[in-house]
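Q: Hi! I have a model open here and would like a quick tour. Could you walk me through it?

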Amino acid sequence: MKILIAIYSQFAMWNIPPSYVGALRREFPEHDFVHALNDDDAQARMADVDVAFMGTFLRSQLAAARRLRWIHSPAAGVGGMLFPEMLASPVVITNSRGMSADTIAEHVLAVTLAMFRRLPHAFQSQAAREWAQDAIGAEGNRLLKGSRILIVGFGAIGSAAGHLMARLGARVTGIKRRIPSQAANDPHIAREGIALAGPDRLLDLLPSADVVVIAAPHTRETRRLIGAEAIAAMAPQAILVNVSRGQLVDEPALAAALAAGRIGGAALDVFNDEPLPPESPFWSLPNVLITPHTSGFRPDHWDAATALFADNLRRFERGEPLVNVVDKRAGY
């Protein structure tokens, strides 16, 4: 088989190192691996490719792919691949959901505690050599223990974050599109005191949440899920944490609410436009903590990503069911 590896980005951390391409060649010497470094390079190599290990996939590339049977994404989100022609094609897509669940869960915990402990203010004061005890401590540190955490999207990432925070005493509710019938009797969920609710409960649950974590996949149904109405329903002290995609949030409505102090703050790792433009109001809002889409990267990222692909490639060779098959119609 001919296998195209095309995982590239303007940011170095999201480019697969050549050494991992070499390792896959050594592990599967019977296959022809080709490595593309940009869209045009991938397009030019696509005609006789059987399998693609790619982070993005374009309409023009699918049109050129005469033999393609399977695409594996090194990320969990594949919304950008699901254009109408892909939905209509027989090409199978698998993703890497679950691979970054623990690192993103720890990021959610870290930024929540940072906001609760007003660390952004402390960092600014440190840079200014200012002893800001009164300013930072006037209202007291907020506690995670006893706080109400609403996690929108209780898949691998949301579940990992929810269980981590529940173990520290938070009261967690996860919003999940499909709630298994046995969930109410799940001893793991019951032991940690986690409740589950359907998407229809979102507006009902937002007013009582101290922290709202966005961890749902980006689909047609979730685009701008956190819109003006949802933001208006949030509590004045609420912190919004987004580790999914910027497209799930109405960013102008969020920026306006933050500037007006209608919600407590936001910790944002993802944005509609990345890199975040210099003119974005988020940069200058004192109640916003920005991280540059780094929550999902871990020290052994490429080891894990290529190991998952290699496992699926062996399954593909043997005609066995693949791991993490994407429901192209559902979007994840």
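Predicted model: local features only at pLDDT ≥ 70, side-chain atom pairs only at ≥ 80, totals over all residues.

Q: Which residues have the most contacts inside the largest nonpolar core?
A: Leu150, Leu206, Val212, Leu240, Leu254, Leu258 and Phe282, in a core of 34 residues. A nonpolar core here is a set of buried Ala, Val, Leu, Ile, Met, Phe, Trp, Tyr and Cys residues joined through side-chain atoms within 4.5 Å. Buried means under 20% relative accessible area, exposed over 50%, and partly exposed in between (1.4 Å probe, protein chains only).

Q: And which helix gives the largest share of this core?
A: That is helix 12, with five residues. Helices (H or I, at least four residues) and strands (E, at least two) are DSSP runs, numbered from the N terminus.

Q: New topic: what is the strand order in the open sheet of five strands?
A: The order is 2-1-3-4-5, with parallel pairing. Two strands pair if DSSP finds at least two bridges between them.

Q: Which strands stand at the edges?
A: Strand 2 (32-35) and strand 5; each has a single partner strand, so one side of each lacks a neighbour in the sheet.

Q: Last one: is Gly98 buried or partly exposed?
A: Gly98 is partly exposed, at 39% relative accessible area. You'll find Gly98 in the loop between strand 5 (92-94) and helix 5 (101-116). Its C-alpha is 5.2 Å from that of Ala156, 58 residues apart in sequence.

Definitions and conventions
Residues numbered from 1 in each chain as written. Heavy atoms only, no water.
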